[in-house]
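Hello,

Here is the structure we talked about handing over. Please open it alongside this email, and then read the notes below.

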Amino acid sequence: MTQEATLRELTEGKYKYGFVTEVETDQVPKGLSEDVIRTISQKKGEPEWMLDWRLKAYRHWLGLGMAEPTWPNVRYPRIDYQDIVYYSAPKPKAKLGSMDEVDPEMKMAFAKLGIPLAEQQRLAGVAVDAVFDSVSVATTFKEKLAEKGVVFCSFSEAVKNHPDLVKKYLGSVVPYTDNFFATLNSAVFSDGSFAYIPKGVRCPMELSTYFRINAQDTGQFERTLIVADEGAYVSYLEGCTAPVRDTNQLHAAVVELVALPGAQIKYSTVQNWYPGDADGKGGIYNFVTKRGKALERSKISWTQVETGSAITWKYPSCILQGDDSVGEFYSVALTNNRQQADTGTKMIHVGKRTRSTIISKGISAGRGQNTYRGLVKVLKGAVGARNYSQCDSLLIGDRCGAHTFPYIEVKNPTAQVEHEATTSKIGEDQLFYCRQRGIAEEDAVSMIVNGFARQVLKELPMEFAVEAQKLLGMSLEGSVG
Amino acid sequence: MTLAEQSFADQLEKGAAGVEWRPTGEPSFVCALRAAGRDTFLRTKLPTLKHEDWRYTSLAGLAAQHFGPAARALVPAADLPPAPRLVFVNGRFAPGATDLSGLPTGVRMGSLALALRERPAAVEPFMGQVATARDHAFGALNTGLFEDGALVELEDGVPCAVTLHLVFLTTASGALFAAHPRNLVVVGKGARATLVESYRGAGAYLVNAVTEMALGEGAQVEHDRVQEDGQQAFHLGLLQVSQGARSRFTGQSIALGGQLARVEARVLLGAEGAACDLHGLYVGGGKQVLDHLVYIDHASPRCVSREVFKGVLDGASRGVFAGRVHVREGAQKTDASQVNSNLLLSEDATVDTKPQLEILNDDVKCSHGGTVGQIREDQLFYLRSRGVSEALARAMLTWAFASDMVQRVGPEELRVRVRRAVTGRLANGELLREVA
């Protein structure tokens, strides 16, 4: 097979997770108003303070005058925010006690995705809080976590059972006034995950949530809050797939991480939502605000593998507030067909001797547009701050684009900041080298791209690394091993 | 409208009515350009921090001033570079100080305003055709208000061995004023030239210079731009270069003066095989803001671009660098690299840099890098352990960082001058006399 043919075959692969699960859903009418927010809040049985917070956010959002940010390097038709259903929950079958009670169709859906809950329970040691259209349907390993005092539950449960923690930390990293999409999320967030790791506890297992977007025209507004108390450690995994859709779906999630002194949070994402078809029809619009606040000697590490969505707008950031805190960002973003990604990170160095590392690998194929946009900001007090950034882009085909927009702002002379970036196509000499040694074309492409993304993939937890490679393979087999 | 905008708007309106200061008898194409410039400026006004190209450089200090038209002035005492040279004072041609002896055949140099009166046909195909940055407030302001500038023309195939000097002197007098020199350089096919633009002055004023440069097929130009304006001055420079096939442009920008100095270099690699090599050095102290914006438009296949910009920042000065390499669809085999390095010497000095790549193509080799740091302790220790005083060691290391940019300045006498100017601005630079 010629190289061209191989690339075409590999880049034009059909989205393999496309299916719609028909589950009766309990929806509120389309559109956004105070009434809709009150309804969402009421359906979830939320206390007054939660509703007030939502309404504050909603009023602020109205004040923004529907003006989405225009600076990202992405193009899409205007979103009609009144044409979206802001809440949909699978019709509940009372409370679910065990796996047997889970809707069989839903179980099928998970099975197709390769996440059989039952098996996951036995194997892996991964506690799965499966979010299926906004409401958690099954949570596993809860008791085991409870032993250690770890709280891991859906956001709604946390509001009910741990209101003090939620009140204290909700909006402390991403305030409801933060940006257009975060404000929208604050007003209408449906559900999400909450984790609290008490002082000095090393979380005994990887925490994980599978998000799925299901009911048609339902925007998903996840809200995740993870708090690691002093000296605690947690590794959190987030993975996503979504079924084929014709209408664009909006996703505006917010993730907040709080690492108290000496704590460590490792947050890994594999994102493989429906990217739209080869002509750019359909696909998820993914506008995510992710940010962590790191206090003294703590560490926040973001790892992401972004292969899905028609549009990705996402900048997992670290506010390195405490002295000696560490921020890391490892990313592989792949755009194919007409996908557009504008992603990167922000490292805000506030504390002394704060360190950050940014490794970003962008892969563009087809007519994909891939943008790295990052900010490294060293404030005046950040004595001895250190940053190293590396952003590499790989181009496959002559109709795609790779863009790099780093911003470096340094206000302290003792800081050392380095940024480097390269852009190139798959090396013909490398391909030739492999072919010469009897390695098949597609294996060679696979090896080269695998090598290109290796620095990031090795940061993923074991369980995830395998899946990440599989998901990358689905989008661009042979490009990223 | 701010005070500055108001004062410029007044002048632009007056200009439209053909009032005294405007050179009379201008050809219609210039009138059309001026009208377009006026309309653009009145629409865009001065850029604010919200403008992506200006997010790190505040024009608030400039905007709060009232700028009158440039005052007439005598040629100040200054050591002028050797002939052939064109001298302008406050944006006006100074024939007395100009010396065109030794100008080789096939090379013409003179006042642009004069050429517009006497032989507009030579200017029309180029003027306003190279400086095409859209909605560029200062470019538009210059087009609306320029009085004069240099016109340099090289015929096809002329290998001009002598260095051509353009000198822009500005002397402050009484009320604050703005000068808007406008230059046009047309280099014919296969011609070669070395061109120096020097900006010097004392006191507070605004210089808003635009230089358009068109390089024909296979032309080779070395361009040195040395900015030593007064420490209270505002300097805005726009250099636009359009390159023909296989042409080669080498540019150095040395920025030393001004309370706010911004140089934009915009290069269009518009035909196959063109190459450009841009270097810059900014040395800031006090409360200076020294800003460079470099935009390279790779519009054709097989073009090469290189950028190396370095900053040395002391006191409470600010360095800003924005580089953008834009590889268009179809510009296959592009080879681009971009580096911006900065040395921060004091607590209050700051740097903002954004080296950007925008690539719409796969067969490219592009890279960029940016660094910000201070003098390395181990290097300092090395020198100290060999008995070098701390002051000298710091000066040596700072000079070592900056000197390769100075070495790139082509003409010998200019290099000596720049070296003296740069070391003169470094802390304890006088200690370097033996070393540098």
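**A covered helix in chain A**

The buried residues of helix α9(A) are Phe181(A), Ala182(A), Thr183(A), Leu184(A), Asn185(A), Ser186(A), Ala187(A) and Val188(A). Please keep in mind that this is a predicted model. Helix α9 of chain A spans residues 180–188, and eight of its nine residues are buried, so the helix is mostly covered. Among the elements that cover these buried residues are α2 (34–43), α3 (48–63), β8 (223–228), β11 (254–259) and β13 (284–294) of chain A.

**Two packed helices in chain A**

Helix α10 (residues 428–436) of chain A packs against helix α11 (residues 441–457) of chain A at an angle of about 130°, and their axes are 9 Å apart. That angle makes α10(A) oblique to α11(A). Their crossing is right-handed. On the α10(A) side, the contact is made by Gln430(A), Leu431(A), Cys434(A) and Arg435(A). On the α11(A) side, Glu441(A), Ala444(A), Met447(A) and Ile448(A) make the contact. By class, five of the contact residues are nonpolar, one is polar and two are charged.

**An enclosed strand in chain B**

Strand β15 (residues 275–284) of chain B is largely enclosed by the rest of the structure, because eight of its 10 residues are buried. Which strands pair with β15(B)? Strand β13 (residues 248–255) of chain B runs parallel to β15(B) and is joined to it by eight bridges. In this pairing, Thr250(B) stands opposite Asp277(B). Strand β17 (residues 304–313) of chain B also runs parallel to β15(B), with 10 bridges between them. Here Ala275(B) stands opposite Val304(B).

Regards

Definitions and conventions: Residues numbered from 1 in each chain as written. Chains lettered and ligands numbered in written order. Predicted model: local features only at pLDDT ≥ 70, side-chain atom pairs only at ≥ 80, totals over all residues. Axes fitted to C-alpha atoms, helices over the stretch in contact; angles between N-to-C directions. Helix = DSSP H or I, 4+ residues; strand = E, 2+ residues; numbered from the N terminus. Parallel < 35°, antiparallel > 145°, perpendicular 65-115°, else oblique. Left-handed = near helix turned anticlockwise from the far one by under 90°. Contact = placed C-beta atoms within 7 Å. Nonpolar A, V, L, I, M, F, W, Y, C, P; charged D, E, K, R; others polar. Buried ≥ 20, exposed ≤ 12 C-beta atoms within 10 Å, placed from the backbone. Pairing = 2+ DSSP bridges.
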